[in-house]
Amino acid sequence: MERLLEVMRRLRAPDGCPWDKEQTHQSLRPYLLEEAAEAVDAIGRGSPQAIAEELGDVLLQVAFHSVIAEQEGTFSYPQVEQFIVDKLIRRHPHVFGDVRADTPEAVRANWKAIKASEGKTSASVCDQVPRSLGALARATEIQNRLGTPHPGKDDLTEAIERGEIAEALWLLVAWCRKEKVNPEVLLRERCEQSCLQNGQTPPKAW
């Protein structure tokens with residue numbers, strides 16, 4: 001990691017790369033989203049080499065933002081690392097402390113309680129779920145946090161017949177939750193399948 005930070009410092013130096021020098025936290029936002037999405041796609045393909053490469057691109061974004069902040073005097077990479085280490089230990093008292101949690105459900109309950117005690121839980125569910133998520137992924141998380149009831153097939157059919165497409169999509173996300181499948185991943189896989197069926201080479205992001 002230190003070698004990566006050194007490379008980024010060199011790229012951001014006065015005699016470094018013109019493009020890298022002009023980047024800001026704001027300008028890098030789309031690249032962070034893109035690299036995370038490409039890492040997810042690589043995991044879907046199941047290629048260890050591709051996964052390693054794409055995770056490297058995600059790590060680059062962490063280093064990039066850290067060096068920008070370092071130059072601005074706002075924070076540094078050691079702080080980034082310390083924040084996540086402290087958070088993992090704090091939110092896993094069943095591993096690092098004496099709390100009992102023998103099931104994934106118990107772990108999730110503890111996690112939510114700890115987040116609430118940290119003041120991380122906003123009064124608005126919509127503010128808790130990042131708006132930069134894909135719409136299907138965001139709808140899934142909002143429904144999970146709201147405890148949205150699972151619909152019946154008739155509810156979905158009626159929404160379609162009424163021409164309420166947005167409502168039908170919302171209900172379809174709820175149906176996916178009922179079936180314990182992730183609609184975002186499911187649709188991504190279907191897109192790739194369609195490309196292959198039509199003799200198309202999936203784009204790099206796949």
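User: Is Tyr-31 buried, partly exposed or exposed?

Analyst: Burial is read from relative accessible area: buried means under 20%, exposed over 50%, and partly exposed in between (1.4 Å probe, protein chains only). Tyr-31 has a relative accessible area of 33%, so Tyr-31 is partly exposed. The model is predicted: local features need pLDDT of at least 70, side-chain atom pairs count only at pLDDT 80 or more, and totals for chains, interfaces and linings use all residues. Residues are numbered from 1 along each chain as its sequence is written, and side-chain values use heavy atoms, with hydrogens and water left out.

User: How many aromatic pairs does a search of the whole structure find?

Analyst: A pair of aromatic rings is described by the distance of the centres and the angle of the planes. Rings of Phe, Tyr and Trp (its six-membered ring) pair if their centres lie within 6.5 Å; planes under 30 degrees apart count as stacked, over 60 as edge-to-face and the rest as tilted. The search finds 2 aromatic pairs. Trp-19 and Tyr-31 have ring centres 5.7 Å apart and planes at 85°, so this pair is edge-to-face.

User: Where in the chain do Trp-19 and Tyr-31 lie?

Analyst: Helices (H or I, at least four residues) are DSSP runs, numbered from the N terminus. Trp-19 is in helix H2 (residues 18-22) and Tyr-31 is in helix H3 (residues 29-45), 12 residues apart. Trp-19 also forms an edge-to-face pair with Phe-64, at 6.4 Å centre to centre and 65° between the planes. Phe-64 belongs to helix H4 (residues 48-72), 45 residues from Trp-19.

User: Which residues form one aromatic cluster?

Analyst: Trp-19, Tyr-31 and Phe-64 do.

Note on methods
Helix = DSSP H or I, 4+ residues; strand = E, 2+ residues; numbered from the N terminus.
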